[in-house]
Amino acid sequence: MSNVVVITGASSGFGALTARALADAGHTVHAGMRRTATRNAPQVEAAAQYSKEHKVDLRSIELDVASQESVDTAVGRILDEHGRIDVLVHNAGHMVTGPAEAFTPEQLADLYDVNVLSTQRVNRAALPSMRRAGRGLVIWVSSSSVKGGTPPYLAPYFAAKAAMDSLAVSYAAELARWGVETSIVVPGSFTSGTNHFSHSGHPADRDVEAEYETRYAGLMDRIAEKLAALAPEGAEATLVSDEIARIVALPDGR
Ligand code: NDP
């Protein structure tokens, strides 16, 4: 069965790869990108090219998770066309690095906005249709923050991701009652194809990137393939591997 998928932050890195993998697996994938006419225009072109060359259904859609209006418009368009969203991937996120004394409250507010509050903007728009359908899968792209042991320079980012995890875990039981499954994916760290390490411009970035040299060759591909395998089942949660993924065990109660 082909599922209707929406993924946020699909212009680069994990989001772009996951969007392609899900499209390759036969799903209709709406790859959310902010400011498609300007900032992400090359990525829009790349998605169109990929779709054409691989004969898959990968579409880019303007979706800025920082704006409820943008989210509502994008999700509204998808629902108008398909009448449903089967898989929602909360992937948009970013990181700011620096020593503890340097972070400003504004930086922390921005981290929380993009990594935590944005998921709620999308939930507000997308979850009602899943509830009506009585099925669906919500995937939250988290980080190794959930395992503890925060390395230097990343505390506010990890705190934001931990808040997102808590939200996901707390919602999971409620969503399960409607028949909607939850997965939290912990990708480990990867540098290939990602802009994740170049946002803050702080010299500490170099240290972080060195520390985070990719430990798992082909990690993104493996995760993306796993998600692609998950989706057709309509959400049978399976562990990717103990190292890189943690899936919320859903309690009974539907
Ligand atoms: P990238 O920086 O390559 O991708 C982040 C994506 O989020 C981009 O598409 C970016 O869009 C998007 N984004 C940021 N702000 C917004 C916004 N307001 N509206 C819409 N999209 C937005 O990084 P990764 O692929 O590495 O990161 C993807 C996810 O994986 C993130 O949630 C990250 O926290 C998580 N992660 C990454 C790890 C890593 O080692 N790389 C490790 C663990 C987790 P734009 O192109 O417009 O900036």
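User: Hi! Where does Lys55 lie?
Analyst: Lys55 sits in the loop that runs between helix 2 and strand 3 (58-62). Helices and strands here are DSSP runs numbered from the N terminus (H or I with at least four residues for helices, E with at least two for strands). The model is predicted, so local features need pLDDT of at least 70 and side-chain atom pairs count only at pLDDT 80 or more, while totals for chains, interfaces and linings use all residues. Residue numbers start from 1 along each chain, following the sequence as written.

User: Is Lys55 buried or exposed?
Analyst: Lys55 counts as exposed, because it has 7 C-beta neighbours inside 10 Å. The cut-offs, with C-beta atoms placed from the backbone, are 20 or more other C-beta atoms within 10 Å for buried, 12 or fewer for exposed, and partly exposed in between.

User: And what about its phi?
Analyst: Lys55 has a positive phi near 55°, and it is not a glycine. Most residues other than glycine have a negative phi. Arg35, also not a glycine, has a positive phi of about 45°.

User: Where is Arg35 found?
Analyst: Arg35 belongs to the loop between strand 2 (28-33) and helix 2 (41-54). Arg35 is partly exposed, because 13 other C-beta atoms lie within 10 Å.

User: Let's zoom out. How many helices and strands does the protein have?
Analyst: There are seven helices and seven strands. Along the sequence the pattern is β-α-β-α-β-α-β-α-β-α-β-α-α-β. Of the 254 residues, 44% are buried.

User: How many residues of helix 1 are buried?
Analyst: Helix 1 is mostly covered, with 11 of its 12 residues buried. Among them are Phe14, Leu17, Arg20 and Leu22. Just after helix 1, Gly26 has a positive phi of about 100°.

User: What span should helix 1 have?
Analyst: Helix 1 (residues 13-24) should span 16 Å at 1.5 Å a residue, and its end C-alpha atoms are 17 Å apart, which agrees. The expected span is 1.5 Å times one less than the number of residues.

User: Which residues is Asn91 in contact with?
Analyst: Leaving aside neighbours within four places in sequence, Asn91 is in contact with Ile7, Thr8, Gly9, Ala10, Phe14, Gly15, Thr18 and Val141. A contact puts the two C-beta atoms, placed from the backbone, within 7 Å. Asn91 lies in the loop between strand 4 (87-90) and helix 4, and it counts as buried because it has 24 C-beta neighbours inside 10 Å.

User: Switching to packing: at what angle do helix 4 and helix 5 cross?
Analyst: The axes of helix 4 (residues 105-133) and helix 5 (residues 155-178) cross at roughly 15° and come within 9 Å. That makes helix 4 roughly parallel to helix 5. Axes are lines fitted to C-alpha atoms over the stretch in contact, with angles from 0 to 180 degrees between N-to-C directions. Under 35 degrees counts as roughly parallel, over 145 as roughly antiparallel, 65 to 115 as roughly perpendicular, and the rest as oblique.

User: Which residues meet there?
Analyst: Leu108, Leu111 and Tyr112 are among those in helix 4, and they meet a set in helix 5 including Tyr157, Met164 and Leu167.

User: And how do helix 3 and helix 4 pack?
Analyst: Helix 3 (residues 68-82) and helix 4 pack at about 25°, with axes 8 Å apart. That makes helix 3 roughly parallel to helix 4. On the helix 3 side, Gln68, Val71, Asp72, Val75 and Leu79 meet Arg121, Val122, Ala125, Ala126 and Ser129 of helix 4.
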